[in-house]
Protein chains: 4
Amino acid sequence: MNGTTHTGLWLIGARGSVATTTIAGAAALAAGLHNPTGMVTETAPFANAALPPLDTFVIGGHDTVPCPLPKRAETLAEAGVLPHGLPTAVRAELAAADAEIRPGGPSGPHDPRPEDEAVEALARDLTDFTRRRGLARTVVVNVASTEPAPARPLTAEDPLPASSRYAAAALRAGCPYVNFTPSTGLRHPRLAEAARTAAVPHAGQDGKTGQTLLRSVLAPMFAQRALAVRAWSGTNLLGGGDGAALADPAAAAAKNAGKARVLADTLGEAPDGEVHIDDVPALGDWKTAWDHIAFDGFLGSRMVLQTIWQGCDSALAAPLVLDLARLLARAHEAGLTGPVDGLGFYFKDPDSGPGALSDQWRALRGLADRLAPEVRA
Amino acid sequence: MNGTTHTGLWLIGARGSVATTTIAGAAALAAGLHNPTGMVTETAPFANAALPPLDTFVIGGHDTVPCPLPKRAETLAEAGVLPHGLPTAVRAELAAADAEIRPGGPSGPHDPRPEDEAVEALARDLTDFTRRRGLARTVVVNVASTEPAPARPLTAEDPLPASSRYAAAALRAGCPYVNFTPSTGLRHPRLAEAARTAAVPHAGQDGKTGQTLLRSVLAPMFAQRALAVRAWSGTNLLGGGDGAALADPAAAAAKNAGKARVLADTLGEAPDGEVHIDDVPALGDWKTAWDHIAFDGFLGSRMVLQTIWQGCDSALAAPLVLDLARLLARAHEAGLTGPVDGLGFYFKDPDSGPGALSDQWRALRGLADRLAPEVRA
Amino acid sequence: MNGTTHTGLWLIGARGSVATTTIAGAAALAAGLHNPTGMVTETAPFANAALPPLDTFVIGGHDTVPCPLPKRAETLAEAGVLPHGLPTAVRAELAAADAEIRPGGPSGPHDPRPEDEAVEALARDLTDFTRRRGLARTVVVNVASTEPAPARPLTAEDPLPASSRYAAAALRAGCPYVNFTPSTGLRHPRLAEAARTAAVPHAGQDGKTGQTLLRSVLAPMFAQRALAVRAWSGTNLLGGGDGAALADPAAAAAKNAGKARVLADTLGEAPDGEVHIDDVPALGDWKTAWDHIAFDGFLGSRMVLQTIWQGCDSALAAPLVLDLARLLARAHEAGLTGPVDGLGFYFKDPDSGPGALSDQWRALRGLADRLAPEVRA
Amino acid sequence: MNGTTHTGLWLIGARGSVATTTIAGAAALAAGLHNPTGMVTETAPFANAALPPLDTFVIGGHDTVPCPLPKRAETLAEAGVLPHGLPTAVRAELAAADAEIRPGGPSGPHDPRPEDEAVEALARDLTDFTRRRGLARTVVVNVASTEPAPARPLTAEDPLPASSRYAAAALRAGCPYVNFTPSTGLRHPRLAEAARTAAVPHAGQDGKTGQTLLRSVLAPMFAQRALAVRAWSGTNLLGGGDGAALADPAAAAAKNAGKARVLADTLGEAPDGEVHIDDVPALGDWKTAWDHIAFDGFLGSRMVLQTIWQGCDSALAAPLVLDLARLLARAHEAGLTGPVDGLGFYFKDPDSGPGALSDQWRALRGLADRLAPEVRA
């Protein structure tokens with residue numbers, strides 16, 4: 001195994017449900033134990049994009065919780081998130097990743113260290129990992145719990161929240177960066193310039209795994225059919241850590257902003273209707289999302305579409321994390337810098353691009369084509 | 001009013017719910033009583049396609065039931081399908097259309113007349129209407145009740161069912177033709193050659209108004225996300241004439257064939273799962289469609305999406321009928337012949353083209369562009 | 001018609017949706033225009049309870065909005081709440097009731113008059129109506145919009161909110177009283193003694209029309225089957241005046257307290273789960289309530305029941321208002337005083353009695369038996 | 001352990017999902033590994049009924065499939081029906097029960113043996129088990145796959161189907177008998193007299209585990225509220241053996257007859273609406289039942305209730321099987337004979353008694369009281 005052909009994947013929140021599922025899943029797929037269901041980059045349109053194979057990834061990350069990954073995986077298997085038997089089958093890989101998890105230290109506004117010093121320490125963790133493991137590059141992906149949304153738009157004077165410190169550290173260490181959460185990340189005014197002119201590719205934000213995924217195909221349908229959406233209401237029930245985090249109205253506000261955007265973008269204006277996120281511990285990592293869409297048809301006739309989505313959030317997120325790690329690694333190799341066009345397919349609140357999933361899918365395939373190495377005659 | 005600038009719309013099943021809603025709606029929109037909600041051809045992408053305005057349509061049709069249109073419209077208003085007050089407001093237009101309804105006579109295998117004679121009589125009705133009313137052309141749209149599906153694939157020896165006789169009459173009379181139902185229409189082996197080489201444009205078949213519309217956006221979502229659909233089950237509850245017609249298993253079979261096709265086309269193979277159509281008279285013209293989609297995510301995790309669609313079938317169909325009448329009239333004017341590419345957006349079982357709604361939407365806009373008159377410098 | 005055999009029905013909020021539907025419905029039933037669907041007191045178990053017939057009711061009420069009842073009824077018919085044609089058919093009865101509506105005057109904490117003076121004025125309206133119309137008695141029913149719930153438990157020092165002033169006026173005027181809303185009514189500490197020792201019968205509170213009705217049959221099912229409810233979550237979407245009133249979190253809190261009680265009473269303890277009430281103006285008077293119940297079965301297996309209730313609140317409430325008016329009138333005639341046992345069937349938050357609907361049904365039939373006049377040998 | 005204080009439980013279909021869950025569950029509860037969620041006889045009203053404790057049951061049965069119970073239990077654990085780890089924890093008990101499973105031999109119309117000889121052989125298995133294990137009595141419970149419903153009402157001349165042979169054998173061997181399936185069992189005309197005059201107690205039929213359970217609480221709600229149910233439609237999706245068995249229209253017909261009865265009994269007449277049972281292998285032992293209830297409220301307003309039940313059939317059935325085994329054993333001990341009154345709570349299609357669950361619950365508690373030993377002063 002030649003280190004220079006290996007790619008690092010550094011997960012912020014490396015012992016959470018999404019990270020654990022990502023790590024266990026990568027190992028399971030590399031070992032041929034499962035089909036790559038849910039991994040978009042394993043489908044035909046990406047065959048020529050020269051993406052790094054899953055078995056060339058070396059995984060580490062930041063987390064402050066002490067529960068080791070093999071134990072966390074057992075818990076997820078008992079909850080039905082991971083297949084039974086999988087934690088045992090990939091115990092070695094889980095332990096190896098766990099050995100590369102660093103605490104990250106106190107961070108956010110309450111970190112006693114000067115901001116720059118804290119960022120520097122995080123960047124050193126990244127650089128150290130990349131060098132020590134002999135990696136061609138390390139992609140940083142934020143899959144930590146959602147931060148409370150700021151009560152007002154941030155200004156350049158505001159301190160960097162934790163998610164932004166990690167993001168700044170990634171740029172400083174020359175690492176491609178993905179924000180899979182609705183937390184601030186690179187969208188802090190003080191990081192705007194750095195994000196725009198970054199020497200590395202980055203992407204965000206807020207992985208699109210359930211209700212918003214549905215909305216991004218249903219809203220265009222209403223628009224294309226000239227049906228007038230009157231109200232689009234939604235309730236999400238979820239347990240697990242995410243449920244508790246989002247029961248905080250400020251965190252939920254962050255999440256809901258992204259959800260509303262897809263409707264406004266696609267329908268022309270945001271329809272009436274609220275979105276609720278309830279913490280229901282009994283559901284564990286399983287999420288139920290109910291949407292109720294009241295719309296008008298011909299001559300003002302009143303109609304209704306309701307959808308009920310019952311999914312496992314970690315299982316929906318993990319393959320997208322692997323997809324993004326592969327795509328960002330290849331984008332970095334190919335010399336792309338700044339926000340990467342064509343990744344709106346993956347995000348509730350993408351940096352740019354269309355809101356309809358089908359257009360995002362087309363854009364993503366366009367990116368795959370751009371990433372494909374030129375074939376010399 | 002100059003007759004040569006007027007367009008005929010000839011509805012097979014002209015006193016049914018869809019036809020009545022179409023006629024009342026066209027009058028209401030022409031009079032500015034309602035917004036054109038649900039009419040795709042009234043949206044921006046069609047602004048330059050030179051489609052005939054709604055107030056230039058003259059409407060007639062074939063039907064064997066005697067209930068006059070103004071009375072039928074009253075019944076629909078009582079059932080909540082048409083807005084109260086509308087039948088009164090457009091009574092003159094309904095009566096005018098009713099005066100142009102011809103019985104069509106006994107038809108199908110039980111028509112005692114020789115087939116060619118029956119077709120000729122129908123064609124004469126069309127020609128007579130067009131000439132007498134001084135129309136530039138007449139578009140024929142089949143919105144009659146669904147015929148029972150043949151028990152086996154038809155051969156050239158089989159007699160033409162009623163829907164095929166009407167279709168043949170349209171071609172013979174030089175009228176653009178649309179089959180908005182799942183009945184055989186032009187898909188009889190004996191009409192294949194005529195359809196392919198027709199001097200007029202035609203389109204079909206089976207208007208996509210509810211459950212299949214949804215499927216044509218949801219199935220691509222699963223495919224694009226590499227999620228493995230295990231079973232897609234559906235139940236439709238509907239009253240009205242359609243409910244009774246489709247309670248006949250043979251008619252339902254015709255309808256379901258189209259529904260299944262979109263899944264097979266988009267997902268690569270048809271998933272498990274049945275589709276039921278129940279006649280529930282209490283629902284009248286309102287339809288409820290429940291879909292249950294069992295799919296696998298990452299590492300084989302089991303997830304479920306359910307959708308419940310509650311719509312008024314006639315109100316969903318009528319604006320599409322008007323769209324198609326306008327598009328086919330313009331296609332005829334522009335010299336298009338044979339099956340018109342780009343209309344899969346409207347049909348469960350289109351003659352050609354992609355199965356995903358977004359791709360069909362793109363194709364439809366392409367057609368709008370092709371229909372736009374060239375602008376001379 | 002002999003006035004002394006007539007009964008008054010005095011509606012607080014007499015020009016609201018519920019009141020208008022109640023008045024129009026009473027007239028329609030009295031005229032034989034509709035079946036008494038939804039009226040429990042028209043079923044067999046009440047045949048011998050000597051309840052006053054609907055055509056012996058004389059209706060009036062308090063309201064501050066000026067829109068006359070015939071006009072309000074037209075609006076409700078356009079919204080599909082009342083059958084088309086009904087407002088015209090019962091215009092005389094609507095106008096007659098409208099003529100008996102008094103403004104009630106400014107009330108609640110912001111009423112500049114001394115509390116006792118305000119109550120006295122309201123009571124005079126009741127006494128005047130009863131005497132002027134020659135009625136045997138007048139039943140007062142509060143169907144006004146929900147008041148904001150007090151931020152803390154009320155004490156005897158707190159001023160009477162409007163609902164309590166009306167309730168006090170009913171007692172003072174010797175009128176049977178029903179609180180069909182979650183507003184405070186007789187449950188103000190300063191009215192507790194008066195309520196307990198009232199010389200008239202009264203009942204409350206908060207009519208049970210939809211989600212809670214369902215919960216009162218589903219929760220006992222889980223309890224009887226020894227299934228462990230883990231979380232019971234609900235979202236209500238409604239427009240109309242009630243939607244706007246309940247979008248106020250304080251008003252919603254009042255409503256939700258009653259909803260939660262039925263679960264705690266029946267299941268032994270309140271399960272996890274929130275209840276949301278969203279104002280969705282597009283739905284008008286139609287309400288959609290989604291409930292999601294996560295429960296454990298044998299050996300801890302995880303199961304889910306979901307219910308979706310789509311109903312018209314006014315149409316659900318009105319027949320219960322008529323039922324209660326008849327029952328309270330007869331209870332008064334039969335000499336019952338204070339809170340009437342056996343009416344939990346009608347209320348989310350009854351004054352006493354069991355929480356399961358089947359037990360409440362039994363209690364209600366017991367009340368019917370108690371109300372039946374003794375048959376002399 | 002004194003054999004004479006032990007009770008036999010003999011399961012027809014002893015290696016099916018329901019039986020395996022019953023056997024594993026009984027062992028798990030006896031060992032204190034799980035709470036008795038779902039077991040009604042473990043709740044307070046049954047405390048004094050002197051029911052045999054779960055740890056005094058000795059289990060055996062008939063089955064023709066060879067897969068041993070420990071292996072079957074592993075499969076169910078992988079499918080999420082049994083908790084992981086349980087098959088290992090109760091392996092000894094599973095193996096012990098497996099050792100008491102007899103093939104039952106060819107049976108039904110295709111059994112080459114004379115009917116009486118076949119019944120005699122089955123009865124011998126029961127007698128032998130009871131004597132050999134020194135049991136006070138053996139309760140026979142039919143949990144085998146549903147037989148196809150006969151195409152016409154059976155006459156005394158028709159041969160006994162397999163379920164009836166097993167039932168006849170139970171009576172002949174003096175064993176209390178429960179038919180938990182919709183198969184014919186004791187309802188064969190040739191067994192009617194024997195069933196009526198049996199010296200042992202028996203009960204049936206068709207365990208009420210999901211959709212019908214719901215219907216037995218919802219239908220009374222509509223009736224009590226005088227709401228007019230217009231149509232009650234249902235679709236059941238299920239995999240596992242039951243899904244395949246019921247995909248046979250004749251078997252489904254047997255099941256649906258019971259489902260329809262509860263509506264007709266409770267609502268006065270059967271509403272419109274069909275019930276579908278679809279085999280969806282992807283769902284395994286998990287069942288989804290969708291019900292759509294169209295009902296009329298006051299003044300003919302149209303409303304809808306929909307329910308979605310997602311449960312594990314085996315986990316719903318198993319605790320009821322244990323309940324019935326305990327109740328029938330005690331009924332036998334107490335000298336009850338013939339059809340046992342008060343068990344309608346457990347069955348879709350009970351031999352007698354009310355249709356509403358609340359009334360059945362009251363009747364069941366009455367039975368518990370009758371079973372309680374008299375307390376001597």
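Start by selecting D:Ser233, which counts as buried because its relative accessibility is 1% (buried means under 20% relative accessible area, exposed over 50% and partly exposed in between, with a 1.4 Å probe and protein chains only). The model on screen is a predicted one, in which local features need pLDDT of at least 70 and side-chain atom pairs count only at pLDDT 80 or more, while totals for chains, interfaces and linings use all residues. Residues are numbered from 1 along each chain as its sequence is written, chains are lettered from A and ligands numbered from 1 in the order in which they are written, and side-chain values use heavy atoms, with hydrogens and water left out.

**Around D:Ser233**

D:Ser233 belongs to strand S7 of chain D, residues 228-238; helices (H or I, at least four residues) and strands (E, at least two) are DSSP runs, numbered from the N terminus. Now show what is in contact with D:Ser233, where contact means heavy atoms within 4.5 Å. Apart from neighbours within four places in sequence, the contacts of D:Ser233 are B:Leu237 and B:Val280 from chain B, together with D:Arg215, D:Gly273, D:Glu274, D:Trp290, D:Asp291 and D:His292 from chain D.

**The interface of chain D and chain C**

Next, colour chain D and chain C separately and select their contact, to which chain D brings 55 residues and chain C brings 56 residues. The area buried between the two is about 4,600 Å², with carbon and sulfur atoms giving 68% of it; buried area is the accessible area (1.4 Å probe) that two parts lose on being put together, summed over both. On the side of chain D, pick out D:Arg225, D:Phe298 and D:Leu299, which lose the most area to chain C and together make up 21% of what that side buries.

For the charged pairs, the count between chain D and chain C is two salt bridges, each being a side-chain nitrogen of Lys or Arg within 4 Å of a carboxyl oxygen of Asp or Glu. A salt bridge to display is that between the side chains of D:Asp359 and C:Arg362, at 3.3 Å from N to O. Then show the elements of chain D that give two or more residues to the side touching chain C, namely helix H1 (17-30), helix H8 (211-224), strand S9 (286-296), strand S10 (302-312), helix H11 (313-333) and helix H12 (357-371). Of these, S10(D) gives the most, with 11 residues.

**The interface of chain A and chain B**

Move to chain A and chain B, where 55 residues of chain A are in contact with 56 residues of chain B. Between them these chains bury about 4,600 Å², 68% of it on carbon and sulfur atoms. Select A:Arg225, A:Phe298 and A:Leu299, which supply 21% of the area that chain A buries against chain B, more than any other three residues. Here too, a salt bridge can be shown, with the closest N and O atoms of B:Arg362 and A:Asp359 lying 3.2 Å apart.

**Helix H4 of chain C**

Finish at helix H4 of chain C, residues 91-99, in which C:Leu94, C:Ala97 and C:Asp98 are buried. Looking down the axis of H4(C), the buried residues fall within an arc of 105 degrees, so they line one face of the helix (the arc is that of the directions from the helix axis to the C-beta atoms). Turn to the other side of H4(C), and C:Ala92 and C:Ala99 are exposed there.
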